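I opened the notebook to record what I looked up in this model. The entries follow in the order I took them.

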Amino acid sequence: MREIEQRGLYYEELEEDVRYRHRPGRTLTEADNVLFTTLTMNTQALHLDAAWSDGQPFGERLVNSMLTLSTLVGLSVAQLTQGTIVANLGFGQVAFPHPMRHGDTLYAETVVTAKRLSASRPGQGIVTLEHTGRNQDGVVVATATRQVMVWTRAAHERAAR
């Protein structure tokens, strides 16, 4: 019987100027927001205090933007980097042009904007990803540029022996 194990894509399989749409989306609940916010020691009333937030410009508590960013990246893992990533190298531009509210669903998509083989780590490549998060209405709620180091297939297979 043939077996298939889900994994991300190897360096050779990641294509520039291709939009990878990650599904399913993730609905962010009040419980998600309160748990994430308190676990990360973020005391921002905009995420925790309903009475205070009612008097603010958005009129309600908002989803913690770091939860939005973490979920945006997390939604891409199964399709792009599960088991093929060596390291997350860093983030460039991060923006939150529209707030996420409790009950909104986040959908993610990623475009590979650049890739090159590593000069110092044979068998690995550096890939630049542009992540975009949209809510259920298609409104962009988050964008981020991220660089990752990923395995080439042959090097990863050699290392696994």
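Is Glu 13 buried or exposed, or does it fall in between? I looked up its relative accessible area, which is 26%, so Glu 13 counts as partly exposed. I note here that the model is predicted.

**Entry: the partners of Glu 13**

I went on to the salt bridges of Glu 13. One runs to Arg 7, with the closest N and O atoms 2.9 Å apart. Another runs to Arg 153, and there the closest N and O atoms are 3.0 Å apart. I then asked why this second pair ties together separate parts of the chain. Glu 13 lies in the segment before strand E1 (19-27) and Arg 153 lies in helix H5 (residues 153-160), so the pair joins parts that are 140 residues apart in sequence.

I checked the cover on both arginines.

**Entry: a salt bridge between strands**

Next I took Glu 109 and Arg 134. Their side chains meet in a salt bridge, at 3.5 Å from N to O. Glu 109 sits in strand E3 (residues 105-117) and Arg 134 in strand E4 (residues 124-134). The two are 25 residues apart, and the pair links distant parts of the chain.

Which class does Glu 109 fall into, buried or exposed? Its relative accessible area is 8%, so Glu 109 is buried. For Arg 134 the value is 28%, so I wrote down partly exposed.

I also looked for shared partners.

**Entry: rings and a nonpolar patch**

I searched for aromatic pairs and the structure holds zero. I did find a charge over a ring. The charged end of Lys 115 sits over the ring of Tyr 11, 4.3 Å from the centre of that ring.

Which residues make the nonpolar surface patch? I listed Met 66, Phe 91, Val 94 and Phe 96. The patch covers about 320 Å². Phe 91 belongs to strand E2 (residues 85-95). Its relative accessibility is 38%, so Phe 91 counts as partly exposed.

**Entry: Val 86**

I stayed in strand E2 and turned to Val 86, which lies there too. At 29% relative accessibility, Val 86 is partly exposed. What does Val 86 contact, leaving aside neighbours within four places in sequence? I noted Arg 121, Gln 124, Met 149, Val 150 and Trp 151. I also took a distance from Val 86 to Arg 23. The two are 63 residues apart in sequence, and their C-alpha atoms are 23 Å apart in space.

**Entry: Gln 6**

Then I went to the segment before E1, where Gln 6 is found. Is Gln 6 buried or exposed? It has 58% relative accessibility, so it counts as exposed. Not counting residues up to four places away in sequence, Gln 6 touches Ala 78 and Gln 82. Gln 6 and Gln 79 are 73 residues apart along the chain, with 8.4 Å between their C-alpha atoms.

**Entry: the whole chain**

The protein chain has five helices and five strands. What pattern do they follow along the sequence? I read β-α-α-α-α-β-β-β-β-α.

The C-alpha atoms fill a box of roughly 60 × 40 × 30 Å along the principal axes. The chain has 161 residues, and 38% of them count as buried. The chain exposes about 9,100 Å², with carbon and sulfur atoms supplying 51% of that area. I looked up sequence separation last. Among contacts between residues at least 6 apart in sequence, 71% join residues at least 24 apart.

Conventions
Residues are numbered from 1 along each chain as its sequence is written. This is a predicted model: local features need pLDDT of at least 70, side-chain atom pairs count only at pLDDT 80 or more; totals for chains, interfaces and linings use all residues. Side-chain values use heavy atoms; hydrogens and water are left out. Rings of Phe, Tyr and Trp (its six-membered ring) pair if their centres lie within 6.5 Å; planes under 30 degrees apart count as stacked, over 60 as edge-to-face and the rest as tilted. A charge sits over a ring if NZ of Lys or CZ of Arg is within 6 Å of the ring centre and within 35 degrees of the ring normal. Patches are made of residues with over 30% relative accessible area and no salt bridge: like charges are joined within 9 Å, nonpolar side chains (Val, Leu, Ile, Met, Phe, Trp, Tyr) within 5 Å. Accessible areas come from the Shrake-Rupley method with a 1.4 Å probe; for residues, only the protein chains shown count as cover. A salt bridge is a side-chain nitrogen of Lys or Arg within 4 Å of a carboxyl oxygen of Asp or Glu. Helices (H or I, at least four residues) and strands (E, at least two) are DSSP runs, numbered from the N terminus. Buried means under 20% relative accessible area, exposed over 50%, partly exposed in between (1.4 Å probe, protein chains only). Contact means heavy atoms within 4.5 Å.
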